[in-house]
Amino acid sequence: MLSRYAATPLTSQLNEVGAWGNPVLSSTLGGYGYRLIAPARSLERYEFLPLEPQPGEVVVEVVGCGVCHTDVGFAFDGVPTRAPLPLTLGHEISGRVTAAGARAGQWEGCNVIVPAVIPCGDCSPCRAGQPTICRQQFMPGNDGDGGFATHVRVPARGLCPVPEKLPPGISLPLLSVVADAVTTPFEAIRRSGLGADDVAVFVGVGGVGGFGVQIAAALGASVLAIDVDPARLDLAAQHGASLALDASSASDKELKSAVRSFVKQSGRKGIGLKIFETSGTPAGQTIAFGLLDYGGYLAVVGFTPKKVEIRFSNLMAFDATARGNWGCPPEQYPAALALVLEGKVVLEPFVERHSLDEAPAVLEAVARHEIKSRVILVPDHEGSQ
Ligand SMILES: [Zn+2]
Ligand SMILES: [Zn+2]
């Protein structure tokens with residue numbers, strides 16, 4: 001790998017760039033990544049020159065990038081990326097800042113988590129405190145090249161600093177999943193107003209829901225997990241869920257009555273069930289909507305481009321609320337990270353690591369539901385220098 005990389009024509013291009021007097025701000029010799037060339041095609045490896053941060057931007061040496069179902073949506077389900085292809089996917093990034101543009105110098109050398117959605121900070125929604133709907137937002141791997149690469153260039157605004165010294169068992173690559181899989185349910189839970197008086201139901205306890213269960217439990221809520229995978233249900237039961245229900249062997253009606261008796265037995269006095277749809281599947285969405293009751297709250301966290309058939313009027317009949325959230329405002333990241341660093345949300349049992357070079361195969365395996373854990377792609381920086 002190392003010799004193959006060093007032997008590419010990139011090196012000679014690099015020298016030429018240097019000879020032309022262009023500033024080379026990164027200390028590294030460029031890098032490589034895996035980009036989507038066209039929908040439904042395998043990701044393609046490509047190499048790039050050192051990235052040069054513009055004012056207000058940084059270059060992050062990626063140490064970990066989580067693989068999200070949104071990446072699968074872009075690659076295989078016909079969901080268009082906002083920037084044209086070819087595009088490097090990946091929006092769940094942790095790493096170290098190796099170069100910083102003007103006004104971003106304070107980040108140089110810092111360990112960071114890159115928010116999945118980086119708002120502009122200046123438009124009407126941003127000023128009104130709704131930065132996740134900012135139309136000038138930058139999402140790595142959607143609005144520009146993302147983290148399935150050795151390096152990525154992103155706005156410095158909103159970066160979440162990570163302490164140099166981490167608690168035992170927590171590493172910077174592991175923290176990549178905070179960028180989306182932890183913070184997105186964190187924000188959904190925050191918006192729901194969930195507290196210790198409430199019962200929270202998570203429909204789908206994979207990469208995202210498994211973290212949601214733990215966040216809800218950390219807030220003192222009584223938590224119920226629903227999934228179709230026994231291994232996931234076991235994990236949820238070990239990490240915060242008081243009851244785990246297998247939806248593959250129960251009718252919707254049976255699920256509903258099991259949830260009702262759980263609420264009764266929980267003794268929680270909170271008004272209305274807080275339901276979190278974290279499966280991103282039509283079946284999960286149908287179950288989640290069907291659980292709505294008087295004063296209920298449904299958070300739509302998972303994504304699927306597919307449609308579902310629901311009785312929409314239930315919202316009216318139950319005086320219920322359904323709400324989505326596109327990521328999480330950057331200012332909430334430190335609080336979400338703190339839950340992880342304090343050990344209230346554990347990541348390790350829910351993830352598996354693969355080499356960045358496995359990106360094409362991994363994305364296909366995730367699309368085929370062959371990998372159930374959250375995958376973290378880890379670049380081999382020995383091979384990129
Ligand atoms: Zn995502
Ligand atoms: Zn904005």
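**Notebook: surface, fold and a zinc site**

I am working with a predicted model, where local features need pLDDT of at least 70, side-chain atom pairs count only at pLDDT 80 or more, and totals for chains, interfaces and linings use all residues. Residues are numbered from 1 along each chain as its sequence is written, chains are lettered from A and ligands numbered from 1 in the order written, and side-chain values use heavy atoms, without hydrogens and water.

Next I looked up burial: 55% of the 385 residues are buried (under 20% relative accessible area, 1.4 Å probe, protein chains only).

What coordinates the zinc ion (ligand 1)? I found Cys 68 (SG), His 91 (NE2) and Asp 180 (OD), at 1.8 to 2.2 Å. Donors here are N, O and S atoms within 2.8 Å of the metal (3.2 Å for Na, K and Ca); water is not among the atoms, so sites may look incomplete. Along the chain, the donors follow the spacing C-x22-H-x88-D.

Are Cys 68 and Asp 180 buried or exposed? Both count as buried: Cys 68 has 7% relative accessibility, and Asp 180 has 11%.

How values were computed
Buried < 20%, exposed > 50% of the residue type's maximum accessible area, 1.4 Å probe, protein only.
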